[in-house]
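The sequence and structure come first.

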Amino acid sequence: MARRLRFNGTGSDVGGCPSVHEDLDSGEVIVHGPPLTDAEDVAQLRHLSEGEVAVVVPRELLVDWAPKESTRQVRTIGLEEFNGLFAKFEHTAWRLETRRRYASDEATDTYRQFVETGMADWNFDHPYCRTIREQTGQGKRVERVRIVDQPPTTGQLYLLDNAKRNSGMGEDIRILWRADADRLQLPAEDFWLFDSRLIALLRFDDDDELTHVDLITEPAEVVRCSMVRDAAWHHAVPWQKFTAEMDNDA
């Protein structure tokens, strides 16, 4: 079975080499770069076995992009503590939303209404709504990029309609087709990035239920998620324009 490799970063401005990848299952780090070919240089290497190739990489590549610990410094929190993060961030809260369905949505009255009528009676008095209105009222930014399949799933259509409520609270929401997300090599991860320093990685079970959240502050991982944010935000389309174009195509 093929490894599940994730691109961490590159030391090149143009060619993408040398680069660092990480095996998501084993935690092993894969580095590729120009080979060390001079025979006198190779002769100085110890323990270079048959079939192995030495590559040359700048020190900064490993400093910037290799994981800093063999075991990630991750703190797992419950959903109540996670919800409290939205009252504590200082400047920005940014979300990448990648899943085709969320079981928690399907348990709501608004989801039932949407399936039956194509619209929902959105409640703006939910505790999350009150918190976000308070934060955006202070000038803080709350932003999301939602990835949508073509054609969209029912859950994704529901969330496109839900953007009316989120934007009404001051959120800035943009949409990206999954084909474009794949072309940009965006990860299939759901996470919030708070103040460009704290990652809240959302963990789901096989039934698409959100079970817990992993908090990550490792610098290389924060930088990677910040790069994902910048690429997704640059290419995504404001939700009003996206839905209008989708309706016209239909």
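## Sheet and spaces

In the predicted model, Phe194 stands opposite Leu198 in β9. Strand β8 (residues 191-194) and β9 run antiparallel and are joined by 4 bridges. Helices (H or I, at least four residues) and strands (E, at least two) are DSSP runs, numbered from the N terminus; two strands pair if DSSP finds at least two bridges between them.

Residues are numbered from 1 along each chain as its sequence is written. Because the model is predicted, local features need pLDDT of at least 70 and side-chain atom pairs count only at pLDDT 80 or more, while totals for chains, interfaces and linings use all residues; side-chain values use heavy atoms, with hydrogens and water left out.

**Overall.** The protein has 10 helices and 11 strands. Its C-alpha atoms fill a box of roughly 75 × 40 × 35 Å along the principal axes. Of its 250 residues, 42% count as buried, where buried means under 20% relative accessible area, exposed over 50% and partly exposed in between (1.4 Å probe, protein chains only). Among contacts (heavy atoms within 4.5 Å) between residues at least 6 apart in sequence, 66% join residues at least 24 apart.

**The sheet.** Eight strands form an open sheet with mixed pairing, in the order β4-β10-β9-β8-β5-β6-β7-β11. Its edge strands, β4 (74-77) and β11 (237-238), each pair on one side only.

Strand β6 pairs on both of its sides in this order. With β5 it runs parallel over 6 bridges, and Leu96 has Val145 of β6 as its bridge partner. With strand β7 (residues 172-177), β6 also pairs in the parallel sense, over 6 bridges; here Arg144 has Ile173 of β7 as its bridge partner. Between β6 and β7 the chain passes through α7, and this β-α-β crossover is right-handed, that is, with the strands pointing away from the viewer, the path from the first strand over the helix to the second runs clockwise. Strand β6 is largely enclosed by the rest of the structure, because 7 of its 8 residues are buried.

On a 1 Å grid over the protein atoms alone, a cavity is a set of points where a 1.4 Å probe fits but cannot get out, and a pocket is an open set with protein on both sides within 12 Å along at least five of seven lines; lining residues have an atom within 4 Å of a point. Grid points are joined across faces, edges and corners, and a volume is the space filled by probe spheres set on the points.

| Space | Volume |
|---|---|
| Second largest pocket | About 990 Å³ |
| Largest cavity | About 50 Å³ |

The second largest pocket has 31 lining residues, and Ser104, Asp105, His126, Tyr128 and Arg165 lie nearest its centre. Elements giving two or more residues to this lining include α4 (103-106), β6 (141-148) and α7 (154-168); α7 gives the most, with 5 residues. By class the lining has 14 nonpolar, 9 polar and 8 charged residues. Ala, Val, Leu, Ile, Met, Phe, Trp, Tyr, Cys and Pro count as nonpolar, Asp, Glu, Lys and Arg as charged, and the others, Gly among them, as polar.

The structure holds 2 cavities of 30 Å³ or more. Residues lining the largest cavity include Glu97, Arg146, Val148 and Leu159, and β6 and α7 are the elements that give two or more residues to this lining. The lining divides into 6 nonpolar, 1 polar and 3 charged residues.
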